[in-house]
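Colleague: I have some questions about this model. Can we go through it piece by piece?

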Amino acid sequence: MASDGFQPLDEKLLVEYLKSTPSLSAKLGNDFDKLEVKEVGDGNLNFVYIVIGPSGSLVIKQALPYIRLIGESWPMTKERAYFESSVLQEHGRLCPDHVPEVYHFDRTMCVIGMRYIEPPHVILRKGLIAGIEYPLLADHISEYMARTLFYTSLLYLTTTDHKSAVAKFCGNVELCRLTEQVVFSDPYKVSEYNRWTTPYLDADAEAVREDNILKLEVAELKSKFCERAQALLHGDLHTSSVMVTPDSTQVIDPEFGFYGPMGFDIGAFIGNLILAYFSQDGHADKGGDRNLYKKWIMKTILDTWNLFHTKFIALWDKHKDGSGEAYLPAIYNNPELQSMVKQKYMENLFHDTLGFGAAKMIRRIVGVAHVEDFESIKEASKRAECERKALNFAKTLLKERKNFHSITEVVSAIEDLNK
């Protein structure tokens with residue numbers, strides 16, 4: 001055990017921990033005789049244990065003092081568990097239907113105990129690879145994003161409450177710096193952690209590093225990411241941070257949570273759907289294709305933004321005379337001006353979404369952490385072909401995002417590239 005009281009849990013120590021923690025043992029009915037414990041942390045950072053007993057179940061997540069993907073050579077603060085627990089609880093309060101309940105948090109041990117999202121839930125990314133349609137996904141994820149982003153912004157909060165929340169989450173600086181590095185810096189320079197499908201994408205990776213216009217645009221996005229405390233973000237809202245069934249959507253893993261630009265969350269999700277789209281040709285069965293499924297992904301991208309837009313504006317209208325201090329009713333007090341404000345706000349948010357989504361796509365192809373959508377395509381030349389299309393589109397989107405005025409135009413551009 002470290003001097004600060006921290007101790008990494010293994011399966012045996014975990015059982016003792018559960019027995020000694022009333023809030024967790026109660027969820028298991030205090031029944032430990034036939035407990036099943038399975039470590040499932042296939043992510044980049046943490047240990048994750050599923051615990052199932054005769055009388056209940058839960059998940060235990062423990063943060064380590066380093067990045068699990070890399071090892072002890074890349075230290076990482078354990079305090080991220082505190083911020084993850086804080087975001088889960090705040091987002092869970094705002095959108096309980098789509099965020100798992102937190103049962104317990106231990107700051108010393110960096111342990112979160114939460115609801116086990118039971119089968120048949122699967123990680124969305126795996127469902128997309130398998131070609132499964134989720135008819136309620138866009139509705140659910142747009143609800144989650146609209147509520148969590150609106151209610152933590154100055155459209156709803158007073159500046160006093162907003163700044164207090166911003167100050168709290170400024171402590172998650174190490175995870176923010178990690179994002180700055182892997183999303184906005186490393187792909188655009190030579191970095192020991194970068195990798196790509198070599199030799200097929202060698203020239204493509206070099207082209208990213210030598211594209212001055214791309215670098216100018218990504219600098220603008222990095223500035224917004226670092227400087228704009230717009231709302232409480234999930235901070236890593238890709239398709240492996242969402243668990244789904246055809247009628248349920250649960251958002252997990254917000255350890256990167258902080259106050260930042262709203263478009264970073266929306267862009268992360270939409271960008272990962274675009275990656276899934278470009279990967280589909282690599283998953284097509286022999287003699288078959290995934291054209292119908294690709295159409296479903298495009299519809300989901302359309303619906304996600306359009307439903308988000310509708311729901312976000314509805315919340316704004318509902319609370320337009322509330323305590324939010326972004327647009328004081330005494331100033332913005334006529335319908336024409338209110339309409340102009342909303343149009344400008346949502347247009348800027350749309351362009352942020354496209355830019356951040358594109359940046360997230362690029363880092364997944366020529367940066368440190370790749371996505372299973374492409375990695376599971378065994379034939380390297382085929383994988384590279386899919387990745388190149390995605391990378392080329394992402395570069396176009398990043399540089400020309402302000403020329404797109406609707407999500408329909410974005411979807412059309414994707415489909416044109418993939419003909």
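Colleague: Is asparagine 30 buried or exposed?

Modeller: Asparagine 30 is exposed, because its relative accessible area is 53%. Buried means under 20% relative accessible area, exposed over 50%, and partly exposed in between, with a 1.4 Å probe and protein chains only. Before going on: this is a predicted model, where local features need pLDDT of at least 70 and side-chain atom pairs count only at pLDDT 80 or more, while totals for chains, interfaces and linings use all residues. Residues are numbered from 1 along each chain as its sequence is written, and side-chain values use heavy atoms, with hydrogens and water left out.

Colleague: Where does asparagine 30 lie?

Modeller: In the loop between α2 (22-27) and β1. Helices (H or I, at least four residues) and strands (E, at least two) are DSSP runs, numbered from the N terminus. Phi of asparagine 30 is near 50 degrees, which is positive in a residue other than glycine.

Colleague: What about cis peptide bonds?

Modeller: The bond from proline 119 to proline 120 is cis, with omega near 15 degrees; proline 120 is in the loop between β7 and β8 (122-123). Threonine 198 and proline 199 are also joined by a cis peptide bond, with omega about 5 degrees. Proline 199 is in the loop between α7 (173-185) and α8 (202-209).

Colleague: Back to β6 and β7. In what order do the strands of the open sheet run?

Modeller: The five strands run β1-β2-β3-β7-β6, with antiparallel pairing. Two strands pair if DSSP finds at least two bridges between them. β1 (36-39) and β6 (102-106) stand at the edges with a single partner strand each, so one side of each has no neighbour in the sheet.

Colleague: How many bridges are there between β6 and β7?

Modeller: Four, in the antiparallel sense, with β7 covering residues 111-114. Histidine 104 has glycine 113 in β7 as its bridge partner.

Colleague: Which helix packs on the sheet?

Modeller: Helix α3 (residues 80-94), which touches β2 (46-53), β3 (56-63), β6 and β7. Contact means heavy atoms within 4.5 Å. The direction of α3 makes about 155 degrees with that of β6. Axes are lines fitted to C-alpha atoms, for helices over the stretch in contact, and angles run from 0 to 180 degrees between N-to-C directions.

Colleague: Now aromatics. How many aromatic pairs does the structure hold?

Modeller: 27. Rings of Phe, Tyr and Trp (its six-membered ring) pair if their centres lie within 6.5 Å; planes under 30 degrees apart count as stacked, over 60 as edge-to-face, and the rest as tilted. Phenylalanine 264 and phenylalanine 356 form an edge-to-face pair, 5.4 Å centre to centre with 80 degrees between the planes. This pair links distant parts of the chain, helix α10 (residues 262-279) and helix α12 (residues 335-366), with the two residues 92 residues apart. Both phenylalanine 264 and phenylalanine 356 are buried.

Colleague: And phenylalanine 308 with phenylalanine 312?

Modeller: That pair is tilted, 5.3 Å centre to centre with 35 degrees between the planes. The two are separated by about one helical turn, because they are four residues apart in helix α11 (residues 291-318).
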